[in-house]
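Subject: Structure handover

Hello,

Here is the structure for your files. My notes on it follow below.

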Amino acid sequence: MKDSGLVTGEILERYAQALLSVAQDSNTVDQVGQDIHAILNVLKESADLREFLANPIFKAEAKKAVLNQVLGNSVHPYTKNFLLVLVDRRRIILLEGICREFQALLRKLNQTVLAEVTTVSELTDDQKRSLQEKVMAMTGARSVELATKLDPDLIGGVIIKIGSQVIDASLRGQLRRISLRLSNAA
């Protein structure tokens, strides 16, 4: 018997790959990529929308009407049709995961690396540019997409996660390493 997480991952990848194929065939990859980014932002900002789309009590037509109202004509028709297909097939509950998988496929297609950066305060444009250059040099990627989040517990410095690799250059991490060395020396 397959693990349900594995099955869900296969579903996410299949739908994301289908959307990417349609976008590639119609030369709309950049537009659909922007649409997916915008949809993720809307989902992130609206817990009500996420809950509404995930709720099986609401009929497909109501979900389609809300999607049409929220997105209007701001997304490409292929993107909108894709969302409507997800509603019809009762896969709209997986929308966020499908969008994230689409972004991962798009990054792979564009040879872009996602670097998740955790800092104590907002990075300046120069700091972001410097980080991108260092990550490109480390990975050989053509470009770098930064996803930043703030963590005041870091005290200072930065934590960079690229795939499964984590670079901890935070003061908290340095203090932890010093503490471990001291406890091992005792």
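Two strands count as paired if DSSP finds at least two bridges between them; helices (H or I, at least four residues) and strands (E, at least two) are DSSP runs numbered from the N terminus. This is a predicted model, in which local features need pLDDT of at least 70 and side-chain atom pairs count only at pLDDT 80 or more, while totals for chains, interfaces and linings use all residues. Residues are numbered from 1 along each chain as its sequence is written, and side-chain values use heavy atoms, with hydrogens and water left out.

The sheet: 4 strands form an open, mixed sheet in the order β2-β1-β3-β4. Its edge strands, β2 (143-150) and β4 (165-170), each pair on one side only. Strands β1 (residues 112-119) and β3 (residues 157-162) run antiparallel and are joined by 5 bridges. Threonine 119 stands opposite valine 158 in β3.

The core: a nonpolar core is a set of buried (under 20% relative accessible area, 1.4 Å probe, protein chains only) Ala, Val, Leu, Ile, Met, Phe, Trp, Tyr and Cys residues joined through side-chain atoms within 4.5 Å. The largest has 31 residues; among those touching the most other members are Ile36, Ile39 and Phe102. Elements giving two or more residues to this core include α1 (4-25) and α6 (95-109), and α1 gives the most, with 7 residues. Beyond its neighbours within four places in sequence, isoleucine 39 is in contact (heavy atoms within 4.5 Å) with Leu71, Thr79, Leu83, Leu95 and Cys99.

Regards

Terms used: Buried means under 20% relative accessible area, exposed over 50%, partly exposed in between (1.4 Å probe, protein chains only).
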